[in-house]
Amino acid sequence: MDDVTVGPDARLAFSHRAKNANLVLAGTGKVTVIVDGRTTKTIDVSGSPTLYRLTDDKDPRTARLELRLDEGLKAYAFG
């Protein structure tokens with residue numbers, strides 16, 4: 001498992017096809033979730049690595065997902 005510590009004005013954007021999108025986050029701060037250009041939620045992150053639900057659609061769909069993360073948060077990738 002690898003992690004990245006977020007710097008100032010960090011953004012992560014990608015297209016995906018899924019019903020749900022999740023990300024493991026740690027630290028203290030906020031993540032703004034933007035789907036197809038529309039802000040859908042803000043997540044308060046606090047503490048040790050925890051799985052957070054970014055999207056929760058009824059059916060799988062293709063969408064552009066953008067995350068705006070506060071500086072100092074850690075995001076984890078599994079390979």
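Colleague: Is Leu 51 buried or exposed?

Modeller: The general idea rests on relative accessible area: buried means under 20%, exposed over 50%, and partly exposed lies in between (1.4 Å probe, protein chains only). Leu 51 has 57% relative accessibility and therefore counts as exposed. The model is predicted, so local features need pLDDT of at least 70 and side-chain atom pairs count only at pLDDT 80 or more, whereas totals for chains, interfaces and linings use all residues. Residues are numbered from 1 along each chain as its sequence is written, and side-chain values use heavy atoms, with hydrogens and water left out.

Colleague: In which strand does Leu 51 lie, and which residues is Leu 51 in contact with, leaving aside its neighbours within four places in sequence?

Modeller: Strands (E, at least two residues) are DSSP runs, numbered from the N terminus. Leu 51 belongs to strand β3. Contact means heavy atoms within 4.5 Å. With neighbours within four places in sequence set aside, Leu 51 is in contact with Asn 22, Leu 23 and Val 24. As for distance, 19 Å separates the C-alpha atoms of Leu 51 and Val 35, which are 16 residues apart along the chain.

Colleague: How should I read the sheet, and in what order do its 4 strands come?

Modeller: Strands of a sheet pair through backbone hydrogen bonds, either parallel or antiparallel. Two strands count as paired if DSSP finds at least two bridges between them. Here the order is β1-β4-β2-β3, in an open sheet with antiparallel pairing. The edge strands are β1 and β3, each of which pairs on one side only. On average, neighbouring strands of this sheet are turned by 30° against each other, direction ignored; the axes behind this angle are lines fitted to C-alpha atoms, and angles run from 0 to 180 degrees between N-to-C directions.

Colleague: How many bridges join β4 to β1 and to β2?

Modeller: Strand β1 (residues 2–5) and strand β4 (residues 74–77) are joined by 4 bridges in the antiparallel sense. Strand β2 (residues 10–35) pairs with β4 over 3 bridges, also antiparallel. Ala 75 in β4 illustrates both pairings: Val 4 stands opposite Ala 75, and Ala 75 is the bridge partner of Leu 25.

Colleague: Which residues touch the most other members of the largest nonpolar core?

Modeller: A nonpolar core is a set of buried Ala, Val, Leu, Ile, Met, Phe, Trp, Tyr and Cys residues joined through side-chain atoms within 4.5 Å. The largest core here has 18 residues, of which Leu 25, Val 31, Val 33, Leu 54 and Leu 67 touch the most other members. Strands β2 and β3 each supply at least two residues of this core, and the largest share, 8 residues, comes from β3. Not counting residues up to four places away in sequence, Leu 25 touches several residues, among them Val 31, Val 45, Tyr 52, Leu 69 and Ala 75.

Colleague: How many salt bridges does the structure hold, and what does the one between Asp 44 and Lys 30 tie together?

Modeller: A salt bridge is a side-chain nitrogen of Lys or Arg within 4 Å of a carboxyl oxygen of Asp or Glu. The structure holds 6 of them. In one, the side chains of Asp 44 and Lys 30 meet at 2.3 Å, N to O. Asp 44 lies in strand β3 (residues 38–69) and Lys 30 in strand β2, so this pair ties together parts that are 14 residues apart in sequence. Asp 44 is exposed, at 53% relative accessibility, while Lys 30 is partly exposed at 39%.

Colleague: Which salt bridge does Asp 57 form?

Modeller: Asp 57 pairs with Arg 61, with the closest N and O atoms 3.0 Å apart. Asp 57 counts as buried at 19%, and Arg 61 is partly exposed at 31%.

Colleague: Which residues are linked with Glu 66 in a network of salt bridges?

Modeller: The network links Arg 11, Glu 66 and Arg 68. Glu 66, found in strand β3, is buried, with a relative accessible area of 13%. The side chains of Glu 66 and Arg 68 meet in a salt bridge at 3.0 Å, N to O, and Arg 68 is partly exposed at 34%.
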